[in-house]
Amino acid sequence: MEEAPTQAYGEVDYWNGRYGREMYPFDWYQKYPSLAPLINLYLPHRHHRVLVVGCGNSAFSEGMVDDGYEEVINIDISIVVIRHMETKYADRPHLKYIEMDARKMDDFQSGSFDGVIDKGTLDSILCGNNSRQNATQMLNEVWRVLKDQGVYILITYGAPTYRLSLLKESNMWGIKLHVIEKHSVEEKPENPIWELTKPVPLDDERSPVQALLGNNPDVHYIYVCTKVGNVVNIT
């Protein structure tokens, strides 16, 4: 994939241009087989209704449907990529593609999804102008469209120092942290730095993540945020 100023990642014109030139599948951060054990853990029922925000031309959702998930709704701000994906998956009724801004998901009713998956979309928004405001708008919308006890699964390069405060300040979440090393399925290490399905302990005052994983671990961070009621439950 081409290099671009990171600020461009927050702009729709950049994505329309990019997807107009590059239509081959590309998965940010991780592919579905790598994350399937974690997705299956938090979304165990294949009838769960799942929303993938900022889907791009990723094959991730195809992998979910191949794994038995019955309804995977995909949104992206780029009409170019949505038209391409609608055509590509016209014969896959379990996959739906809609042009939509994750900051304004008015077409979805409140409490209509069991899970929301975000693989790099919040990161892209944080690269753009008015990043904090836009990120908060998106998180508010994710919260709104989730059912009670629904899960927002955020896959990101952002360590707890940079992501936890944003998540805690946005809405009432119960947050668990998982990590996965930056390897493809084919390169999966025999002795991973941390077991994917085992949460990394978090502490309200000081995260012990650095002590557990070492300095600058070569990992992607996965925040599993459960929509809860009146209190924030950080575990």
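The chain exposes about 11,400 Å², and carbon and sulfur atoms supply 48% of that area. This is a predicted model. Its chain has 235 residues, and buried residues make up 50% of them.

**Fold**
- The secondary structure comes to eight helices and eight strands.
- Take the contacts between residues at least 6 apart in sequence: 72% of them join residues at least 24 apart.

**Helix 1**
- Helix 1 spans residues 12–21.
- Its buried residues are Tyr14, Trp15, Asn16, Arg18 and Tyr19.
- An α-helix has 3.6 residues a turn, so residues three or four places apart point the same way.

**Largest pocket**
- The largest pocket has a volume of about 520 Å³.
- It is lined by 29 residues, of which Tyr9, Trp15, Thr121, Ser124 and Ile125 are the closest to its centre.
- Trp15 is also one of the buried residues of helix 1.
- Helix 1, strand 2 and helix 5 each supply at least two residues of the lining.
- Helix 5 gives the most to the lining, with five residues.
- By class, the lining has 14 nonpolar, nine polar and six charged residues.

**Where the topics meet**

Technical notes. Residues are numbered from 1 along each chain as its sequence is written. This is a predicted model: local features need pLDDT of at least 70, side-chain atom pairs count only at pLDDT 80 or more; totals for chains, interfaces and linings use all residues. Side-chain values use heavy atoms; hydrogens and water are left out. Buried means under 20% relative accessible area, exposed over 50%, partly exposed in between (1.4 Å probe, protein chains only). Helices (H or I, at least four residues) and strands (E, at least two) are DSSP runs, numbered from the N terminus. Contact means heavy atoms within 4.5 Å. Accessible areas come from the Shrake-Rupley method with a 1.4 Å probe; for residues, only the protein chains shown count as cover. On a 1 Å grid over the protein atoms alone, a cavity is a set of points where a 1.4 Å probe fits but cannot get out, and a pocket is an open set with protein on both sides within 12 Å along at least five of seven lines; lining residues have an atom within 4 Å of a point. Grid points are joined across faces, edges and corners, and a volume is the space filled by probe spheres set on the points. Ala, Val, Leu, Ile, Met, Phe, Trp, Tyr, Cys and Pro count as nonpolar, Asp, Glu, Lys and Arg as charged, and the others, Gly among them, as polar.
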